[in-house]
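Visitor: I'd like to go through this model with you and ask where the labels come from. Shall we start with a pair of residues that face each other?

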Amino acid sequence: MSGPYEHPYPNPELAETHPFVPHDHRRHTDAEIVTRARAARDRMAGRRSVRMLAPDPVPLEAIEACIEAASTAPSGAHQQPWRFVVTGDADIKRRLRLAAEEEERTNYLEQRMNPEWQEALAPLGTDWHKEFLEIAPWVVVLFELRHGHHADGSVKHHYYVKESCGIAAGMFVAALHEAGLCTLTHTPSPMAFLNQVFERPRSERPFVVFPIGHPLPGTVVPDLTRKTLDEVRTLVGPPPGDASG
Ligand SMILES: Cc1cc2nc3c(=O)[nH]c(=O)nc-3n(C[C@H](O)[C@H](O)[C@H](O)COP(=O)(O)O)c2cc1C
């Protein structure tokens with residue numbers, strides 16, 4: 001079943017050396033696809049970064065299912081170069097808050113962020129206070145695995161680590177939103193303190209911190225507008241199969 005392909009995937013030699021399985025997929029009609037795509041767009045449009053999370057508990061199973069969803073992300077050479085470190089421990093969350101606030105105080109109050117950066121952040125109303133790290137029921141830190149190890153202990157190179165982690169982070173945010181939870185994509189720069197707090201090796205580098213929970217009742221978010229389709233999409237040439245042009 002190679003259809004229009006002159007060089008079908010996988011090539012027969014490869015197919016003999018590595019296992020392949022049928023792809024599990026249900027095909028929808030064009031109309032269904034458009035409806036589903038628009039529904040996904042509308043659900044994602046309701047996602048916001050929340051900086052006033054409530055202390056109300058959230059089941060660990062929900063966090064874990066979202067991590068599993070994120071971990072289905074495509075990754076360079078399927079190396080899945082990520083680790084999601086999860087904590088709901090009050091003492092650890094307090095340490096995270098204090099360490100993050102120490103860095104952020106330098107960023108905001110001692111001009112470690114240049115004026116252009118500060119100006120870009122102004123509409124968001126953020127400052128050095130990071131209480132949400134202590135108050136949210138869960139904090140998940142996504143670490144990128146800069147390299148792995150072979151069975152003999154030697155270093156295994158990882159490919160496209162940042163791209164892979166960026167996609168996994170996006171899928172994590174989407175899964176949390178689908179689950180009905182809120183989060184903030186938080187990068188309290190520099191993030192080296194996270195290795196100390198979580199006792200992670202140097203081969204793991206903090207990528208993003210996600211405080212997770214329900215929004216505190218009455219929470220507000222910046223009144224942002226998002227770019228329109230015309231601003232973010234460039235269509236080159238007519239759609240395939242379009243005879244009109
Ligand atoms: C890589 C990255 C880092 C971010 N770091 C922070 C941060 O440290 N603190 C913060 O308050 N928001 C942070 N944000 C959240 C953005 O400010 C937010 O996504 C943006 O303002 C759009 O708002 P929305 O997420 O509600 O659509 C970060 C977002 C991204 C993608």
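This is a predicted model: local features need pLDDT of at least 70, side-chain atom pairs count only at pLDDT 80 or more; totals for chains, interfaces and linings use all residues.

Visitor: What makes β2 and β6 a pair, and which way do they run?

Guide: Two strands pair when there are at least two bridges between them. β2 and β6 are joined by 8 bridges and run antiparallel, so by that cut-off of at least two they count as paired.

Visitor: And what about β1 and β2, in which sense do they pair?

Guide: Antiparallel again, over 6 bridges. One place to look is T87, which stands opposite V139 in β2.

Visitor: How do you know that β5 and β6 pair?

Guide: There are 2 bridges between β5 and β6, in the antiparallel sense. The rule asks for at least two, so the pair qualifies. For a spot to check, the bridge partner of T183 is I212 in β6.

Visitor: What order do the strands take in the sheet?

Guide: The order is β1-β2-β6-β5, an open sheet of 4 strands with antiparallel pairing.

Visitor: Why are β1 and β5 said to stand at the edges?

Guide: Each of them has a single partner strand, so one side of β1 and one side of β5 have no neighbour in the sheet.

Visitor: Why is β2 called largely enclosed?

Guide: Because 8 of the 8 residues of β2 are buried. W138, V140, L142 and E144 point one way, V139, V141, F143 and L145 point the other way, and all are buried.

Visitor: Take L142, then. Why is L142 called buried?

Guide: The cut-off for buried is 20 or more other C-beta atoms within 10 Å. L142 has 21 of them within 10 Å, so it is buried. L142 sits in strand β2.

Visitor: Which residues does L142 touch?

Guide: Leaving out residues up to four places away in sequence, L142 touches W82, F84, C165, A168, A169, F207, V208 and F210. As for F172, L142 is 30 residues from it in sequence and 9.8 Å from it in space, C-alpha to C-alpha.

Visitor: Where does α7 lie relative to the strands?

Guide: Across β1, β2, β5 and β6, running at about 160° to β2. The buried residues of α7 are V161, S164, C165, A168, A169, F172, V173, A175 and L176. What covers them includes α3, β1, β2, β5 and β6.

Visitor: What comes at the two ends of α7?

Guide: Just after α7, G180 takes a positive phi of about 95°.

Visitor: Why does Y160 count as partly exposed?

Guide: Buried needs 20 or more neighbours, exposed means 12 or fewer, and partly exposed is in between. Y160 has 15 C-beta neighbours inside 10 Å, so it lands in that middle class.

Visitor: What about Q80, why is that partly exposed?

Guide: By the count again: Q80 has 18 C-beta neighbours inside 10 Å, so it counts as partly exposed. Q80 is in the loop between α3 and β1, and its phi is near 45°, a positive value in a residue other than glycine.

Visitor: Finally, which residues surround the ligand?

Guide: R48, S49, R51, L124, T126, L184, T185, H186, T187, P188, V221 and L224. By class, that shell has 5 nonpolar, 5 polar and 2 charged residues.

Note on methods
Residues are numbered from 1 along each chain as its sequence is written. A residue is near a molecule or strand if its C-beta atom, placed from the backbone, lies within 6 Å of it. Ala, Val, Leu, Ile, Met, Phe, Trp, Tyr, Cys and Pro count as nonpolar, Asp, Glu, Lys and Arg as charged, and the others, Gly among them, as polar. Two residues are in contact if their C-beta atoms, placed from the backbone, lie within 7 Å. Axes are lines fitted to C-alpha atoms, for helices over the stretch in contact, and angles run from 0 to 180 degrees between N-to-C directions.
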